[in-house]
Amino acid sequence: MSLSKMSMSGMSGMGMGSSSNSSAATCRMSMLWNWYIHDSCFLAKSWHINTGNKFAGSIIGIFFFAVAIEGLSLVQRMFDRWIVAHSNGKTLSGPLRIFFPSSTVHVTVWQQLIRAAMYSSFYLSATILMLIVMSFNGYAILFGFVGAWIGFFLFASDTYGTPSTGTGCCESR
Amino acid sequence: MSFFSAAKQSLGNSLIKLGTSMAQNSQGPVDDSSLSQLENLLPPLQILTARAAMAAMNMSNDTSMSGMNMTNSTTPMSGMNMTNSTTSMSGMNMSNSTTSMSGMNMTNTTTTAKASSCKLSMYWNWYTIDACFITKHWHITSKHMFVGSIFGIIFMMMALELVRRGQREFDRWCVRRFSPASNSCCHSGAPVHSGPSMALRIFLHFLRSCFYLVQYIVAYIAMLLAMYYNGYVILFLFCGTFFGYFLFGADTISTKASSSVQTKTIVQVADEKHEHDSSQYSDTTPTTE
């Protein structure tokens, strides 16, 4: 095995398997903290950053993506509030009472479908943000976190009094 | 993180392969059963296999100093690269200079002797055949296997939602059972004064932490699965969450929707009687926006 190939493997790493593509530049990637700008790739090979402008755009996009995730959770809460407001104090009735506690607010199948869609979209977008952060690019991580911070600042002012996660001995949730 | 674990495992594997190949050079073939036994004990046995490799190298006549150095060096990569570079000093230096990145590579290159190898990518991909998830043993060799894995992923996410629901139900039961007459038991972190004894509370909290542990593990596995950047896997993780939440998540409205005061009201209203006067209820639903 030649020396040059060995040294190359350190850089291109996992992309090696498919690094035989015809494009001129390959994605630079590192599984350690880095500040790559040119030739950095996020998430997919097609998201390949050639220029500084493209990188700036990507970073701004990541920032707003993180903000949007917080916004989505606000939409979830608002929709739940809307359901509560429109349930007029009714709780679930019929055979569903077997599977749900008696205090469950009345919710229709469509409402619950929308809730599930929003919940899983939240999960999906959070997962994708995690995958972007996994590029270990310092800028991406920084702006992802700042986006979450700003997003929480903008959209989460209605969560006073509710614990962030369900901890505590017998919080009735 | 899954990458590091994969790198660690491939390290162990390649060390073993190194050792066995050396042994084969010197002593002839080694039976596979012992190899598979070794593979089960991978991470803790790294040093041991390194020693075995060293011993094998001592026996073989064609490898000398370089091999020895490699087994002595504690960096994981060195062992792996040795299988690629046929034990020369230059190869050794290279292996030290490479970052841990090259781990995946090595799994690709070292397993080429087998019929098929794991296809791994750190970018978005749609691999089906020869994709591997989490361990090398979860190696997709056929379409049926892939479909089965996808169903497994969906059911895992649904089960995660079920366990979350279970925890909520357990908490509710806890509140109902152990805080009589008032639903304001534990808000703002205040302990239950007239509630269960200390030992019972510790036991209940132990049960809660068991629920939490299961959620934590499953969520972690889901994250590790997502980290293979496989489009299908991510899509069906999403679908599993969707179905799970649709089936089991309807009871979370009251919590997210409302402040704690409101939740309390809903619980009381529902507990006391069902056909409560709606006007009174609507009085107690403040708009907190």
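This is a predicted model: local features need pLDDT of at least 70, side-chain atom pairs count only at pLDDT 80 or more; totals for chains, interfaces and linings use all residues.
Residues are numbered from 1 along each chain as its sequence is written, chains are lettered from A and ligands numbered from 1 in the order in which they are written, and side-chain values use heavy atoms, with hydrogens and water left out.

Chain B contains 13 helices and zero strands; helices (H or I, at least four residues) and strands (E, at least two) are DSSP runs, numbered from the N terminus. Of its 289 residues, 46% are buried, where buried means under 20% relative accessible area, exposed over 50%, and partly exposed in between (1.4 Å probe, protein chains only). Chain B exposes about 14400 Å², of which carbon and sulfur atoms supply 63%; such areas come from the Shrake-Rupley method with a 1.4 Å probe, and for residues only the protein chains shown count as cover. Among the contacts in chain B (heavy atoms within 4.5 Å) with a separation of 6 or more, 59% join residues 24 or more positions apart.

UniProt places the feature "transmembrane region" at residues 143-163 and 233-253 of chain B; its positions are given in the numbering used here, feature names are shortened, and annotations may be inferred rather than shown by experiment. In the model, residues 143-163 of chain B are 100% helix, with end C-alpha atoms 30 Å apart. Residues 233-253 of chain B are 81% helix and 0% strand, with end C-alpha atoms 29 Å apart.

In chain A, helix 2 covers residues 52-87 and reaches 52 Å from its first C-alpha to its last, close to the expected 52 Å, a span taken as 1.5 Å times one less than the number of residues. A:Asn88, with a positive phi near 55°, follows this helix.

Over all chains there are 18 aromatic pairs. Rings of Phe, Tyr and Trp (its six-membered ring) pair if their centres lie within 6.5 Å; planes under 30 degrees apart count as stacked, over 60 as edge-to-face and the rest as tilted. A:Trp33 and A:Trp35 form an edge-to-face pair, 6.0 Å centre to centre with 70° between the planes. A:Trp35 is partly exposed, at 46% relative accessible area. B:Phe133 and B:Trp138 are also edge-to-face, at 5.6 Å and 75°; B:Phe133 is buried at 2%, whereas B:Trp138 is partly exposed at 27%.
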